[in-house]
Structures are given as structure tokens and as C-alpha cells.
Amino acid sequence: AFVEGGHDFLLTFHHPRVPIALDPALYPALVVGADALVAVRRADAGDAAAPMLRYAPDSYLGRLTASVRTPPEPAGDGPVHVNENAMAEALKYMVLAGHGQAWLPRSLIERELDSGALVAEDASIALEIRLYRNGERRRPVLDQVWQAAQDELAHVWVQADAHAGRE
């Protein structure tokens, strides 16, 4: 929908393993944040391997997590039921309900990690958060939003540089 002109902006994760094929001349991007996918399980699940809950294979996070080695799944003779969902929030609640382990954005599960409800495995995948603009859609309000995002990012970088200089 974004490329077809149905939307002015796209806020999404980015990782080099799964590039987003957008012409930067037509769809400029700003890096507006960072996050990480973290392999997690429910804290009371013990050390036994649990089934890996997956993102839908055609989703961005599905393609990304398919490109990395996942924590081990339980061995056995019977079939392993695999649950898929395109929504990280749905996978989070499936992990909390004890249905398996999953790769989840750290920003989504910080509270559960801090409280001990979820335990992170050793694996994580660094992510950028990017804001793309449809450069073909020109309206004053879009220019104002884009400029405000650029100004805010410049302000954040100036503050970070000033803070780094004090250390």
C-alpha cells in the first residue's frame, strides 16, 4: 500500500539481512530508533527446549528470523505443533501462556523481562527503526512532519554528542 501511494509514511524495522527494496530517491528514510529481537521463553518453562513460535513467513520479522539460527526445539518422535502469527504482540501472549519460545522486539517485552516473567536466551538481533516517506506525495503538512522528524533527530544527536563530551 505504501509504494502504491496509499500512505504517506512507513515506520518499520530494518535489518541488512532483509533489505526493503525502496528507491531512496523516491522513498527517503530516517533512522528514528533502535531495537533488538530477543529470543525469549517463559521464566517457569525450565531449561527444556520449547517449540519455536514463528512469525508468518511472508512478514518482515518472519523473513528475518528465518535467516538466523533459532534456539533448539524439543526432539521427539511426534509432530511438533508450530504456531505462526504476523503480530509480535500475539506471539508475546502465546509465550506468556507457555506455548513456546519466540523472537520478540525488546521494546515490547521490557516489562516482562524486568519482572522475570520472561527470560531472554543468549541470542539477539539488532534492528534499526526507520521512517520512510513517500517522496512523490507532496503536501505542505507532509513536508512539516518530515522536517519535524529531521529536526528532532538532529536535536537528539546534538544532545548525545554533548553528553558524550562530558564523559
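Start by selecting Arg41 and Glu121: they form a salt bridge, and their closest N and O atoms are 2.9 Å apart. (A salt bridge here is a side-chain nitrogen of Lys or Arg within 4 Å of a carboxyl oxygen of Asp or Glu.) This pair ties together distant parts of the chain, 80 residues apart: Arg41 is in strand E2 (residues 29-42) and Glu121 is in strand E4 (residues 118-133). Helices (H or I, at least four residues) and strands (E, at least two) are DSSP runs, numbered from the N terminus.

Is Arg41 buried or exposed? Its relative accessibility is 14%, so Arg41 counts as buried, while Glu121, at 27%, counts as partly exposed. Buried means under 20% relative accessible area, exposed means over 50%, and partly exposed is in between (1.4 Å probe, protein chains only).

A word on what you are looking at: this is a predicted model, where local features need pLDDT of at least 70 and side-chain atom pairs count only at pLDDT 80 or more, while totals for chains, interfaces and linings use all residues. Residues are numbered from 1 along each chain as its sequence is written, and side-chain values use heavy atoms, with hydrogens and water left out.

Pick Arg42 and Asp44, whose side chains meet at 2.6 Å, N to O. Asp44 is exposed, at 58% relative accessible area, and Arg42 is partly exposed, at 27%. Next, select Arg138 and Asp143, another salt bridge, at 3.2 Å from N to O. Arg138 counts as exposed at 55% relative accessibility; Asp143, at 30%, counts as partly exposed. Then show Asp8, Arg137 and Arg139 together: a network of salt bridges links them.

Now hide the side chains and color by secondary structure. How many helices and strands does the protein have? There are four helices and four strands, and along the sequence they run β-β-α-α-β-α-β-α.

Time to go inside. Of the 167 residues in the protein, 34% are buried. Select Leu37, Val40, Tyr55, Leu91, Trp103, Leu104 and Ile109: these have the most contacts inside the largest nonpolar core, which has 25 residues. (A nonpolar core is a set of buried Ala, Val, Leu, Ile, Met, Phe, Trp, Tyr and Cys residues joined through side-chain atoms within 4.5 Å.) The elements that give two or more residues to this core are E2, helix H1 (60-66), helix H2 (88-96), strand E3 (102-105), helix H3 (106-115) and E4.

Zoom in on Val40. Leaving out residues up to four places away in sequence, Val40 touches Val95, Gln101, Ala102, Leu104, Ile109, Leu113, Leu118, Val119 and Ala120; a contact means heavy atoms within 4.5 Å.

Last stop: H2. Select its buried residues Ala88, Leu91, Lys92, Met94 and Val95. Look down the helix and you'll find them on the same side of H2, because they cover an arc of only 165° around the axis. (The arc is that of the directions from the helix axis to the C-beta atoms.) The buried residues of H2 pack against E2, E3, H3 and E4. To finish, click on Gly98, which follows H2 and has a positive phi, near 90°.
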